[in-house]
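Here is a short report on one protein model. Look at the sequence and the structure first, then read on.

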Amino acid sequence: MEFIARTCEKHNVLIISDEVYERCVFPGHVHHRIATVPGAWDRTITVGSAGKSFSMTGYKLGWAIGPQELISKLQTVHQTAVYSAPTILQEVIARCVEREIQMKGHGDAYHTQLPQIMKDGCSQIMAACQDAGLDVVEPFGGYFILVDTSPLGLEFDTSQVEYDIQCVHWLTEHKKLAGIPLSLFFGKNKHISEKYIRLCFAKSEGTLKTGGDIIRDITK
């Protein structure tokens, strides 16, 4: 992060830091804000998510933290671009934040429990993938795990549509397993993620078990 901060300072570049998974960092690991790097605060807008922090992603609410000079400009954009921020939902999130402040450090605090909840879900999906002979990229937080689908031995015509997109369609149709193609996050270098997909582990126990069973039987 120091390298990024120094580079941005050298070239007078603003930093917009997506830190929506800050509360989903697994136990034993620590989230670090780039805005805390010396000299980075004045050029950084840090974006947070109420949906991710409180497991209410349907609310589509969040916040931005930064120096007044940048936030004031962001407010101008915000008032003409946001379309889903009803007052009642903002009040709900405000009360959630207030409760977490009061409960900070307590075992009953949601932000105390959430990291372990996410890690347990991740461990279940990782174990299922490994049992099925699929390699994974182990995360240290967040909602998703990256899975290499190469061992499945699937073949697709990639002249028009990327492999991972067709793979996700095939898994959904034939195995009832929904994933997310990684190539959607790339520009010119889509080949880097050619056979990788994302699986979400931020699910209920029942869904995790069902998903794990499907993954274990995926090569049958």
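Are Tyr 143 and Phe 144 buried or exposed? Both residues are buried. Keep in mind that the model is a predicted one.

**Aromatic rings**

In general, two values describe a pair of aromatic rings: the distance of the centres and the angle of the planes.

Which charged end sits over the ring of Tyr 143? That of Lys 52 does, 5.7 Å from the ring centre. A second case involves Lys 195, whose charged end sits over the ring of Tyr 163. The table sets out both.

| Charged residue | Ring | Distance to ring centre |
|---|---|---|
| Lys 52 | Tyr 143 | 5.7 Å |
| Lys 195 | Tyr 163 | 5.0 Å |

**The whole chain**

Now step back to the overall layout. The protein has seven helices and seven strands. Along the sequence they follow the pattern α-β-β-α-β-α-α-α-β-β-α-β-β-α. The C-alpha trace spans about 55 × 45 × 35 Å along its principal axes.

How many residues does the protein have, and what percentage of them is buried? There are 220 residues, and 37% of them are buried. The exposed surface comes to about 13600 Å². Carbon and sulfur atoms supply 55% of that surface.

Contacts tell us how the chain folds back on itself. Take the contacts between residues at least 6 apart in sequence: 62% of them join residues at least 24 apart.

Charges come next. The protein carries 22 positive and 25 negative side chains. The centres of these two sets lie 3 Å apart.

Leu 152 sits in the loop between strand E5 (144-148) and helix H6 (163-175). Its relative accessibility is 18%, so Leu 152 counts as buried. The cut-off for buried is under 20%. What does Leu 152 touch, leaving aside residues up to four places away in sequence? Its partners are Leu 134, Leu 171, Ile 218 and Thr 219. Ile 218 is 66 residues from Leu 152 along the chain, yet their C-alpha atoms are separated by 8.1 Å.

Gln 116 lies in helix H5, which covers residues 110-131. Gln 116 is partly exposed, because its relative accessible area is 35%. Gln 116 and Ile 218 are 102 residues apart in sequence. In space, their C-alpha atoms are 27 Å apart.

**Positive phi angles**

Most residues other than glycine have a negative phi. Two lysines here have a positive one. Lys 60 has a phi of about 55°. Lys 60 lies in the loop between helix H2 (50-53) and strand E3 (62-65). With a relative accessible area of 63%, Lys 60 is exposed.

Lys 176 has a positive phi too, near 60°. Where is Lys 176 found? Its place is the loop between H6 and strand E6 (180-181). Lys 176 is exposed as well, with a relative accessible area of 65%.

Notes. Residues numbered from 1 in each chain as written. Predicted model: local features only at pLDDT ≥ 70, side-chain atom pairs only at ≥ 80, totals over all residues. Heavy atoms only, no water. Buried < 20%, exposed > 50% of the residue type's maximum accessible area, 1.4 Å probe, protein only. Lys NZ or Arg CZ within 6 Å of the ring centre and 35° of its normal. Helix = DSSP H or I, 4+ residues; strand = E, 2+ residues; numbered from the N terminus. Contact = heavy atoms within 4.5 Å. Areas by Shrake-Rupley, 256 points an atom, 1.4 Å probe, with all protein chains shown as cover. Lys, Arg positive; Asp, Glu negative; His and termini not counted. Charge placed at Lys NZ, Arg CZ, Asp CG, Glu CD.
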